[in-house]
Amino acid sequence: MVKIAVLDDEPVFLERISKKVDMYYKKCHMKAEIDCYSNGRVLLDEVKDGKRYDIYVLDIEVPDLSGVELGRKLREISEVCFILFITAYPQYAIEGYDSRAYRYILKDEWERRLEDTLAKIQKEMDDWNAPSYRITINDRLEKIPVKHIYYAKKDGKNVVFYTRD
């Protein structure tokens, strides 16, 4: 199940975003838990208390705590999450990437871009969670997805993987 937090101080927009996210996951036959917030401090406090989300959809202009600052704090707490900014203010785009945001979407184009963005995030999440082997190649740790392995062969004390790459 994908856990998603949506933050926006405009109740109508908050509802529209959460419905669009819910519709996307239903269309994909996936379960999603979507929690809506109109206050950034409340979201941050819940995350500090142990609540975790895979995806954060954040407005930047929120009265109590800017989405950019919230994104930075969320990133400090959780390295493994996706942060999307949806806002009407393009001037914050560069600043928004300080929190290693996955994407920055303007409010006038969010309906067109949100579904595609969620699909790309889901693909990355699926790739992370796919069964794989971690092996050392030339002093570097590599991840080989099981689905890429054709066969493995023992070579002395080593195992040689034959993959599609």
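Helix 2 and helix 3 are roughly parallel to each other (angles under 35 degrees count as roughly parallel). The model is predicted: local features need pLDDT of at least 70, side-chain atom pairs count only at pLDDT 80 or more, and totals for chains, interfaces and linings use all residues. Residues are numbered from 1 along each chain as its sequence is written, and side-chain values use heavy atoms, with hydrogens and water left out.

Helix 2 (residues 40-48) packs against helix 3 at an angle of about 5°, and the two axes lie 11 Å apart. Axes are lines fitted to C-alpha atoms over the stretch in contact, with angles from 0 to 180 degrees between N-to-C directions. Helix 2 contributes G40, L43, L44, V47 and K48 to the contact; helix 3 contributes L70, K73, L74 and I77. Contact means heavy atoms within 4.5 Å. These residues comprise 6 nonpolar, 1 polar and 2 charged.

Helix 3 spans residues 67-77, and its buried residues are G67, V68, L70, G71, L74 and R75. Viewed down the axis of helix 3, they fall within an arc of 160°, so they line one face. Buried means under 20% relative accessible area (1.4 Å probe, protein chains only).

I55 lies in strand 3 (residues 55-58). I55 is buried, with a relative accessible area of 0%. Its C-alpha atom is 4.7 Å from that of F82, 27 residues away along the chain. Beyond four places in sequence, I55 touches V2, K3, I4, A5, Y25, F82, L84, L118, I121 and M125.

H148 sits in the loop between strand 7 (140-145) and strand 8 (149-155). H148 is also buried, at 15% relative accessible area. Apart from neighbours within four places in sequence, H148 contacts Y162, T163, R164 and D165.

Notes: Buried means under 20% relative accessible area, exposed over 50%, partly exposed in between (1.4 Å probe, protein chains only). Helices (H or I, at least four residues) and strands (E, at least two) are DSSP runs, numbered from the N terminus. The arc is that of the directions from the helix axis to the C-beta atoms. Angles under 35 degrees count as roughly parallel, over 145 as roughly antiparallel, 65 to 115 as roughly perpendicular and the rest as oblique. Ala, Val, Leu, Ile, Met, Phe, Trp, Tyr, Cys and Pro count as nonpolar, Asp, Glu, Lys and Arg as charged, and the others, Gly among them, as polar.
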